Amino acid sequence: MMLNENCVIDARQLVKIYRNGAEQLKVLDNVSIKVNKGDFIAILGPSGSGKSTLMNILGCLDTPTAGQYYLDGVDVLKASDNELADMRNQKIGFIFQKFNLLPRLTAEQNVMLPLLYRGMAEEAARQLAREKLTILGLGDRLQHRPNELSGGQQQRVAIARAIVGSPQLLLADEPTGNLDSKSSGDAMEIFKELNRRGNTIVIITHDIEVAEQVKKIVYLRDGKIYEN
Ligand code: ADP
Ligand code: MG
């Protein structure tokens, strides 16, 4: 196979069928999507259209029923569990609608986690976490726990956690879905700036106003992808 060095995501004819007893639900119907380095893409679709299913497959958190998926040139569906865990930890930064911060840890500790998980020494991890949080305007919130932060601040902690290990790819599933319009706008400005600095970003959303701010929109409808 010819590998395109510029290609981060190369997913081909993904099918996902959920089975529930005798019932079958085909959520993804031959979905193909390519994402190149530096892209900033929104996958736009209504609730229930399979967006999170697709994101979980692209993030190596779930496997398709059929299809092929190459992430940064690696055949994901042939990778071992260890290789998959490494890809998730090193190549991908995840951002979720509900932030998914650990409630008992401070902002700083939440952001340090992925680095500690990779084996980085604690002081080095703390330094990097502080840097990222400060860049995102949370330099005075390092020791706050999630419930002591606003929704917009929690999402910025989650963004700091996603980018702290310099992953190649940011996958964000409805990252503004729990935010008021001001915080949503702030979060989008952060994504735009990250993209200007070279980050490859895929944002999944049902919000047309969010999608219209990125470079390219693909539509997910009835399990299929449309480019316009
Ligand atoms: P979206 O993120 O666009 O709202 P999802 O990918 O979460 O859509 O879900 C798409 C469809 O698949 C929905 O009808 C949902 O109920 C169904 N679904 C999602 N996850 C599962 C699962 N683990 N088992 C069975 N059905 C599921
Ligand atoms: Mg979803």
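The following exercises, each with a worked solution, concern a predicted model.

Residues are numbered from 1 along each chain as its sequence is written, while chains are lettered from A and ligands numbered from 1 in the order in which they are written. In this predicted model, local features need pLDDT of at least 70 and side-chain atom pairs count only at pLDDT 80 or more, whereas totals for chains, interfaces and linings use all residues.

**Exercise 1.** Determine which residues of helix α4 are buried and which are exposed on the face turned away from them.

Solution. Helices (H or I, at least four residues) and strands (E, at least two) are DSSP runs, numbered from the N terminus. Helix α4 spans residues 122-135 and reaches 20 Å from its first C-alpha to its last, close to the expected 20 Å; the expected span is 1.5 Å times one less than the number of residues.

Next, apply the burial criterion: a residue is buried if 20 or more other C-beta atoms, placed from the backbone, lie within 10 Å of its own, exposed if 12 or fewer, and partly exposed in between. A125, A129, K132 and L133 are the buried residues of α4. They lie on the same side of α4 because they cover an arc of only 95° around the axis, the arc being that of the directions from the helix axis to the C-beta atoms. An α-helix has 3.6 residues a turn, so residues three or four places apart point the same way. E123 and A124 are the exposed residues on the face turned away from the buried side.

Finally, the cover over the buried residues of α4 includes α3 (107-117) and α5 (151-163). G137, with a positive phi near 80°, follows α4.

**Exercise 2.** Explain why E108 counts as buried, and list its contacts.

Solution. E108 belongs to helix α3. E108 counts as buried because it has 20 C-beta neighbours inside 10 Å. Contact requires C-beta atoms, placed from the backbone, within 7 Å. Not counting residues up to four places away in sequence, E108 touches R126, A129, R130, L133, L142 and Q143.

**Exercise 3.** Describe the shell around ligand 1 by element and by class.

Solution. A residue is near a molecule if its C-beta atom, placed from the backbone, lies within 6 Å of it. The residues surrounding ligand 1 include Y18, L25, K51, S52 and T53. At least two shell residues come from each of β1 (7-20), β2 (23-36) and α1 (51-58); α1 gives the most, with 3 residues. The shell has 3 nonpolar, 8 polar and 1 charged residues, where Ala, Val, Leu, Ile, Met, Phe, Trp, Tyr, Cys and Pro count as nonpolar, Asp, Glu, Lys and Arg as charged, and the others, Gly among them, as polar.

Definitions and conventions: Two residues are in contact if their C-beta atoms, placed from the backbone, lie within 7 Å.
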